[in-house]
Amino acid sequence: MDISYILNELGEEREDYFNAVSPPIVQTSNFTFKTVDAFREALGDEFDATLYSRGHNPTLNILRQKLAALDDAEDALVFSSGIAAITVPILALLKQGDHVVSVENPYSWTIKLFNNFLPKFGITTTFVDGTKIQNIERAIQPNTKLIYLESPNTFSYELQDLKAIAAIAKQRGITTMADNSYCTPLYQQPIKLGIDLVAQSATKYIGGHSDVVAGVLTGSKALIEQIFTHEFMNIGPSLSPHSAWLLIRGLRTLPLRLQRSFETTKTVIQWLKQQPQVDQVLWPFDAGFKQAGLAQQQMQGCGGLFSFTLKDSSLQKIETFCNNLKHILMAVSWGGHESLIIPSIAGIKATDYEQTNPRHQLIRMYIGLEDADYLIKDLMQALKF
Ligand SMILES: *Cc1c(COP(=O)(O)O)cnc(C)c1O
């Protein structure tokens with residue numbers, strides 16, 4: 001299916017709503033029935049019925065069709081946050097006594113899910129360096145039911161060979177799930193590589209304007225129905241119709257915004273690497289990146305999120321640099337119109353800082369939609385210590 005068709009037309013029955021170009025926000029909690037028979041049928045099969053907006057809502061259904069098609073998946077569910085799109089399917093797939101193999105250093109709340117939440121239900125996790133397939137294979141136990149991936153992650157950008165890992169998991173009947181927030185379906189389609197479930201924080205590139213928190217999950221119809229019927233309907237992480245409408249609007253410009261972010265990132269990185277104060281830059285499409293070959297093979301493009309270190313990585317120098325920035329904002333999240341910075345040291349106590357720890361030194365930057373020159377000027381003045 002053409003991306004232009006998916007983003008502009010798919011799922012939109014315009015003749016049903018006055019031929020409006022922009023779809024309606026169906027702001028309702030419930031839907032009526034003319035006969036008991038029709039009502040009974042809907043109550044008996046909520047996965048296929050428009051009955052109550054905790055389950056289905058027409059505005060959300062437009063969004064779901066577009067998101068499923070972008071991933072080349074049979075179906076999609078949308079959630080009130082990205083972490084709900086990760087937590088709810090995992091709760092649906094696993095039961096007491098099961099085991100997970102996860103990549104090390106996935107998204108922070110995903111780590112907390114595996115370390116603090118799942119042990120309450122007797123589910124254990126082994127974290128491995130996913131850059132080597134053997135590490136994943138070696139960690140598999142007889143009770144392993146899920147291999148959890150995030151390629152690349154959003155701080156140090158380690159990749160996994162998605163196709164190879166999916167093949168190993170299929171042989172052993174293990175479900176695979178990947179967080180694809182960094183790439184979006186435009187730059188990576190894990191389902192085409194054999195991954196079973198793909199989660200994304202739609203708060204990031206899909207929303208694109210830092211004004212909505214949402215999540216996406218795509219997969220086979222059977223898996224999505226299983227997740228919907230129990231855990232989704234019981235936990236109730238539904239997205240509001242208004243937020244769904246904002247995501248449909250975000251999707252219209254996704255290719256343009258991604259490309260702009262990608263191009264400006266190349267320019268900014270090229271400049272940063274020439275600065276004597278800058279030591280290392282980490283970005284999957286940088287020629288010097290450790291897994292550059294796999295990145296080029298598996299990804300069609302690269303996001304505007306990268307990290308770098310300063311040659312003088314004292315706590316004071318990192319803080320001064322970040323505090324000096326006038327236009328690049330200090331905040332969590334990414335994927336919006338605005339460029340952002342987050343130093344690793346903001347997440348730890350100043351007294352815990354280890355200058356020799358590579359992860360502690362990292363400064364993560366997200367490139368938004370501003371002009372490259374505007375961002376470079378800000379970085380230039382902030383690097384004058
Ligand atoms: C932000 C993020 C999440 C969580 O999404 P929310 O929408 O904040 O709940 C999950 N994974 C990655 C990689 C993220 O960047």
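## Loops, a cavity and the ligand's pocket

Asn 105 lies in the loop between β2 (99–103) and α5; helices (H or I, at least four residues) and strands (E, at least two) are DSSP runs, numbered from the N terminus. The model is predicted, with local features needing pLDDT of at least 70 and side-chain atom pairs pLDDT 80 or more, while totals for chains, interfaces and linings use all residues. Residues are numbered from 1 along each chain as its sequence is written, and side-chain values use heavy atoms, leaving out hydrogens and water.

**Exercise 1.** Find the largest cavity and say what lines it.

*Solution.* 
- On a 1 Å grid over the protein atoms alone, a cavity is a set of points where a 1.4 Å probe fits but can't get out; a pocket is an open set with protein on both sides within 12 Å along at least five of seven lines; lining residues have an atom within 4 Å of a point.
- Searching the whole structure turns up three cavities of 30 Å³ or more. The volume is the space filled by probe spheres set on the points, which are joined across faces, edges and corners.
- The largest cavity comes to about 60 Å³.
- Asn 105 is back again, lining this cavity along with others, including Val 103, Asp 129, Glu 150 and Asn 153.
- Sort the lining by class: one nonpolar, five polar and four charged residues. Here Ala, Val, Leu, Ile, Met, Phe, Trp, Tyr, Cys and Pro count as nonpolar, Asp, Glu, Lys and Arg as charged, and the others, Gly among them, as polar.

**Exercise 2.** Describe the largest pocket and how the ligand is held there.

*Solution.* 
- The largest pocket has a volume of about 1000 Å³. Among its 36 lining residues, Tyr 107, Ser 108, Thr 154, Phe 155 and Arg 364 are closest to the centre.
- α5 gives the largest share of that lining, four residues.
- The ligand takes up this pocket (more than half of a molecule's atoms must lie within 2 Å of the grid points).
- Of the 14 residues around the ligand, those coming nearest are Gly 82, Ile 83, Asp 179, Thr 203 and Lys 204 (a heavy atom within 4 Å counts as near).
- Go through the polar contacts (N or O pairs within 3.5 Å). A polar side-chain atom of Asp 179 sits 2.6 Å from a ligand nitrogen, and one of Thr 203 is 2.6 Å from a ligand oxygen.
- Helix α4 (residues 82–93) gives the most to the shell around the ligand, three residues.

Terms used:
Polar contact = N/O pair within 3.5 Å; in protein donor to acceptor, adjacent residues only side chain to side chain.
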